[in-house]
Amino acid sequence: MNPPARTAKRRFRADKPVVFLLCSLPLLRLVLRAFGVSSLSLGPNPVEALLHGLGLWGLRLLLLTLCVRPATVTLRQPRLMRLRRMLGLWAFTYLALHFLTWLVLDRGLDLSGIAADIVKRPFISVGFAALLLLIPLAVTSTDRWMRRLGRRWHSLHGLVYVAALLGSLHFLWLVKADWREPALYITAYMALMAWRWWKRRPGVGKSPMQPLRQT
Amino acid sequence: MRRTQASLQPLPSEITPPERYFNRRDVITALAAAGAVGTGIPRNVLAAPLKATRNPRFSLNEDINSFEDITSYNNFYEFGTDKADPAQRAGRFKPQPWSMVVAGECAKPGTYTLEDILKPHALEERIYRLRCVEAWSMVIPWVGFPLGALLQRFEPNSKARYVAFKTVLRPDEMPGQRFPVLDWPYVEGLRIDEAMHPLALLAVGLYGQTLPNQNGAPLRLVVPWKYGFKSIKSIVEIRFTERQPATSWNISAPREYGFYANVNPAVDHPRWSQAQERRIGAGLFASKQATLPFNGYAAQVAALYSGLDLRRFY
């Protein structure tokens, strides 16, 4: 497969605005629920509802980001690659808000308690580590940084695999007994990693998709 | 803020004839005919008012949670593991007719109908704190009678050192039981002196009416100084035993949930702190509050555990 022709006419494509809107819907719904718009509500435990809603959607979007390349290759739709950055940034947005909700609404900015939790509670440690790993990726997601870092950009952004694994473990680790949903995410993660490993196995030449310029 | 002041909450003043209470089945039939059953409405549509007098000795002067909060935010894994599941999926559960097996080390084992069980007991209302092991809490106006008074009727013998409880197993009516999240049926237990303690309540109602299905209809335990999972719901068996009985959460994760499960801010759950709790209904911007030893009932129950290492026997 070849990268899309550079000479293709610039014309309006709806894919990015549509995906942007779709990604914003869960957040919009949480905001409407938080403000009690038209009988929506966050329910009896609003802090938990907000915290879990943001975390879950962050993790889902992060895993969806990892689906982009397999989907691009398998469906032979190079244009899909254009959506990856936006998905990743939306995932980061949800996860950063998840963290802020925990910091401010759940822990009430009790800094010593927060620090103790991050150190003492393994599920919080891994969640926190995942978010930290995502910060440099969000910062270097611009075209400028891609050009500046060149090949190193790809090595750096390999951290997303670690972050997604830690994020899935964070979820698995906090449930009491019903591991079905976190297990689903971990299975998805492993399937996506297996696909990558399969594509990189010896004898298969270079990755079939050359890095694309994201416009 | 969807909470009301305890002292303002009116009690049902009408005397409810027992026929009315025990004829909930007729109500159910009537509702079924009207197509109102099984719609998943989280309302206590089958509720019957109960005659109960508030027992001031056992009632808190704290804000009571709203009926809505108490009946829509539940941990009752038999109906699903999401807090909203029980209210949405308990509609098909039939709490009438009901009977309970009494077995083990006692003089009067047998099968007792709910009517047999309730007949001699005067119902009372008690406002208790409920502290979940997940670090949230509510204040609930239960209607029930002391567990000890019922247990005495079965004349436990000297070998009866523990009491084991079992929840009904009905996967047809309890969709959560179709997947082994826990080892069904749910089982719980108390030491006999804990079970005989005047604070241990058998509840048949809340807010002056019969228990909604999602809250453990028709008969549930309430042990307010222990984490909520000890307060087993929809009880079908009581067994007096010599040995400490197995308990569901302890089977599921022995390092995390002990047999005693007394509320204790000084002993953390291995994965999270138990020092604080979030009061349900307090809103998005309320801060957490400190958890009290034995959930605030230390003066009444701490003596039960003198000499027991509460770190080891969590």
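Let me begin with B:Asn65, which is found in the loop between strand 1 (53–54) and helix 3 (67–72) of chain B, where helices (H or I, at least four residues) and strands (E, at least two) are DSSP runs numbered from the N terminus. What we have here is a predicted model, in which local features need pLDDT of at least 70 and side-chain atom pairs count only at pLDDT 80 or more, while totals for chains, interfaces and linings use all residues. Residues are numbered from 1 along each chain as its sequence is written, and chains are lettered from A and ligands numbered from 1 in the order in which they are written.

Is B:Asn65 buried or exposed? B:Asn65 counts as buried because it has 26 C-beta neighbours inside 10 Å; the cut-off for buried is 20 or more other C-beta atoms within 10 Å of a residue's own, against 12 or fewer for exposed and partly exposed in between, with C-beta atoms placed from the backbone. The C-alpha atom of B:Asn65 is separated by 33 Å from that of B:Arg312, 247 residues away along the chain.

As for the chain as a whole, chain B has nine helices and 13 strands, and 46% of its 314 residues count as buried. If we take contacts (C-beta atoms, placed from the backbone, within 7 Å) between residues at least 6 apart in sequence, 73% of them in chain B join residues at least 24 apart.

Now to the sheet. Five strands of chain B form an open sheet in the order 3-2-11-6-7, with mixed pairing, where two strands pair if DSSP finds at least two bridges between them. The edge strands, each pairing on one side only, are strand 3 (110–113) and strand 7, and the twist averages 20° from one strand to the next, taken between N-to-C directions of axes fitted to C-alpha atoms, on a scale from 0 to 180 degrees.

Strand 6 of chain B (residues 162–167) is largely enclosed by the rest of the structure, because six of its six residues are buried. In a regular strand the side chains alternate between the two faces of the sheet. Here both faces are covered, with B:Tyr162, B:Ala164 and B:Lys166 buried on one side and B:Val163, B:Phe165 and B:Thr167 buried on the other.

Strand 6 pairs in the antiparallel sense with strand 7 (residues 187–191) over five bridges, and likewise antiparallel with strand 11 (residues 235–241) over six bridges. B:Val163 has B:Leu190 as its bridge partner in strand 7 and B:Phe240 in strand 11.

Terms used
Two residues are in contact if their C-beta atoms, placed from the backbone, lie within 7 Å.
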